[in-house]
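This report is written for a reader who is new to the structure shown below. Please keep the sequence and the three-dimensional view at hand while reading.

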Amino acid sequence: MWLHPRYTIDSIYHLNPEQLANKGIKAVFSDLDNTLLAWNKRETAAEMMQLKQALQAAGIRLVVVSNNSDERVGKVLTPWGIDFIARARKPLPSGILRGLRKYDLSKKQVLMVGDQLITDVQAANLAGVGSVLVKPLVETDKWNTRINRFFEKIIFAIFTLTGRKVTFEEQLK
Ligand SMILES: [Mg+2]
C-alpha cells in the first residue's frame, strides 16, 4: 500500500548506522523539519552532526530531501556541510529520484526518513525506496502540517482496522 511505511521508529536518531550498512544501505534521505531538526528550533544541530558523522563512518551518506527552496534549506544546512535536494515536491517521487541520479544510487541502497505519511512516506513509496516513518520531534506544527496530521490520524485508524497497525519501534527491524 502506497501510504504504509516499511519501517516505523521513534526518531531518525535511533537509526543504527552499522545495521543499515549490513542491509546494504548507502544513503539515508531525510526530511528536514521535525525529522532532523525541530521546525521551530533549527539551531539545535549538534545531534544532526553526530548522526551525519556516524553514518559517514559506516559508509552512508546523509541527504536532506525537502520541499522548501534551495535558499531556505541551504541557509540551514550549508553551514553544516550537509547535502540536500530542495523543492523535492513530496509526495511526488521526483525529488527522491533526482537524489538517486545525483548520487548514483539504486533504490535498494536508500532509505527515506520522514515524520509525515502523506508527504515523506508516500514520496518514498512512489519512488520505490524504503520508507521510514518517525515521530515528529516536536508536537507543535505549522498550520499546513496540522491539516496533514488530521488525515494521518484517519489513515492510522484504517491501518489498524485492516490489521496493519503502525507501531513505533525503538530500532529498525
Ligand atoms: Mg517534516
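## The sheet

Two strands are taken to pair if DSSP finds at least two bridges between them. The model described here is predicted, and in it strand 2 and strand 3 (residues 61–65) pair in the parallel sense over 4 bridges, with Val 28 having Leu 62 of strand 3 as its bridge partner. Strand 2 is also joined to strand 5 by 4 bridges, the two strands running parallel, and here Ala 27 stands opposite Val 110 of strand 5. Strand 5 in turn pairs with strand 6 (residues 130–134), again in the parallel sense and over 4 bridges, and Val 113 is found opposite Val 132 of strand 6.

These pairings belong to an open sheet of 6 strands, with parallel pairing and the order 1-6-5-2-3-4. Strand 1 (7–9) and strand 4 (83–85) are at the edges with a single partner strand each, so one side of each has no neighbour in the sheet. From one strand to the next, the twist averages 25°. Helix 3 (residues 70–77) packs on the sheet, where it touches strand 3 and strand 4, and its direction makes about 160° with that of strand 4.

Strand 5 is mostly covered, since 5 of its 5 residues are buried.

## The magnesium site

The magnesium ion is coordinated at 2.1 to 2.3 Å by Asp 31 (OD), Asp 33 (O) and Asp 115 (OD), donors that follow the spacing D-x1-D-x81-D along the chain. Asp 33 lies in the loop between strand 2 (27–30) and helix 2 (46–57), and Asp 115 in the loop between strand 5 (110–114) and helix 5, so this pair ties together parts that are 82 residues apart in sequence. Both Asp 33 and Asp 115 are buried.

## Helix 5 against helix 6

Helix 5 (residues 117–127) packs with helix 6 (residues 143–161) at an angle of about 60°, their axes lying 10 Å apart, and the two helices are therefore oblique to each other. On the helix 5 side the contact involves Leu 117, Ile 118 and Thr 119, which meet Asn 148, Phe 151, Glu 152, Ile 155, Phe 156 and Phe 159 of helix 6. By class, the residues of this contact between helix 5 and helix 6 comprise 6 nonpolar, 2 polar and 1 charged.

Key:
Residues numbered from 1 in each chain as written. Predicted model: local features only at pLDDT ≥ 70, side-chain atom pairs only at ≥ 80, totals over all residues. Heavy atoms only, no water. Axes fitted to C-alpha atoms, helices over the stretch in contact; angles between N-to-C directions. Parallel < 35°, antiparallel > 145°, perpendicular 65-115°, else oblique. Contact = heavy atoms within 4.5 Å. Nonpolar A, V, L, I, M, F, W, Y, C, P; charged D, E, K, R; others polar. Donors = N, O, S within 2.8 Å, 3.2 Å for Na, K, Ca; no water. Buried < 20%, exposed > 50% of the residue type's maximum accessible area, 1.4 Å probe, protein only.
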